Amino acid sequence: MLERLFQLQDHKTSVKQEVIAGFTTFLTMAYIIFINPAMLADAGMDQGAVFVATCLAAAIGCFIMGFIANYPIALAPGMGLNAFFTYTVVLEMGYSWQVALGGVFISGVVFVILSLVNIREWIVNSIPHSLRFGIAAGIGLFLAFIALKNAGIVVDSPATFVTLGSVTTLEPILAALGLFLIVGLANRGVNGAVMISILVITLIGLIAGNINYTGMVSMPPSLAPTFLQLDIAGALEVGMLSVIFAFLFVDLFDTSGTLIAVAQRGNLLDKNGTLPRLGKALLADSGATVAGSMLGTSTTTSYVESTAGVSAGGRTGLTAVIVGVLFLCALFFSPLAAMVPAYATAGPLFFVAVLMLAGLINVDWSDLSEAVPVTVTLVTMPLTFSIAQGIAFGFISYAAVRIFSGRFNELNLSVTFLALLFIAKFAFFS
């Protein structure tokens, strides 16, 4: 049956190899079951319900990717967009988490449509590469800022907006230790370095009396507090347009980049350098986002950590299915997830930020028309505490720089349209 479903022999793999790859991928990305519930709880959502929604959305995405697309790529609620969901859409812009879930749902439906009508390539190819790197780096700085805030290393100041916190207390010290532990383990090639760091720091906090022990294993919490609680009508307000666009835009490019990166690592591209069954792979991503919003979590996306499983020999969808099964098993560890403090996730957030900043090496810094829009994008995201605003300023500055430089011919229709759309948004709907 497994041979018929996944063509194991054609992909020169075995059940054992796929299972090992699945466990490897899960260990590298399981940190999300600790970070996502804690982050969305800051938006007022029930942490136990979000924990269940996180595991279920990840499992659904992995099963679709495995059984339909037959790729060794795992999915889960994405880092960056969960922070945008909580700290920008809910806490900064003042929308309820129900409306924010409605925005995630709408972006997922649009993504499904784009996947089915096959115009994704046109959209992706029309966006300048420099802006893509700038957006990824900006999200990285956004996460780094949140990490420093959660660790108590950066605190608010009435005089200077932000300032250094008390770095000699337990929380900042353990947060820094968590980051250093991840880097040390990662450099030694240890799979699951991020999850190990979270567990070790939580254990130290428990021993120090900073955390109350609530158990390790139990039946999954109720999903009722978040299940089908999304407000789609509220998400259709004009003010939510940029939010929905940000959810869609970031998910679209993050997914595309991840799929190509993992496929290259596993030699899964065809002779023309394209990914067969791309539409099915995108459908897994968009379908999981729609399902996740209905369950009660932010945007679900493909994880670049899947490269760890591919490096361990994963070549088919059986790897993704194994990851999905492990996410279902994780449902019974909700007490452990509830104990994880914010400072234990600060190190992992900062580590993810470092990885997202790596793309800046691909920017041509000698060309000011490339460097300025990238800098505007990556700086405004953390300083405005909004991914959507960073994207908007990035497109506007990209178009403006080229117009003032007399390089009109480098502006395509989509970039020009988006720049004008964002200008109109600031002029009439801010």
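Analyst: A residue is called buried when its relative accessible area is under 20%. The model discussed here is predicted. By that criterion, the buried residues of helix α15 are Gly 317, Leu 318, Thr 319, Ala 320, Val 321, Ile 322, Val 323, Gly 324, Leu 326 and Phe 327.

User: What makes α15 mostly covered?
Analyst: Of the 13 residues in α15, 10 are buried. Among the elements that cover these buried residues are α1 (2–6), α2 (15–29), α3 (32–41), α4 (47–69) and β1 (75–77).

User: Why is Ser 293 called buried?
Analyst: Its relative accessibility is 0%, and the cut-off is under 20%; Ser 293 therefore counts as buried. Ser 293 lies in helix α13 (residues 278–295). Leaving aside residues up to four places away in sequence, Ser 293 touches Leu 101, Val 104, Phe 105 and Leu 230.

User: How do you know that strands β2 and β3 pair?
Analyst: Pairing requires at least two bridges between two strands. Strands β2 (residues 154–157) and β3 (residues 161–164) have four, in the antiparallel sense, and the two are therefore paired. Ser 157 stands opposite Phe 161 in β3, and a hairpin of three residues joins β2 to β3.

Methods: Residues numbered from 1 in each chain as written. Predicted model: local features only at pLDDT ≥ 70, side-chain atom pairs only at ≥ 80, totals over all residues. Heavy atoms only, no water. Buried < 20%, exposed > 50% of the residue type's maximum accessible area, 1.4 Å probe, protein only. Contact = heavy atoms within 4.5 Å.
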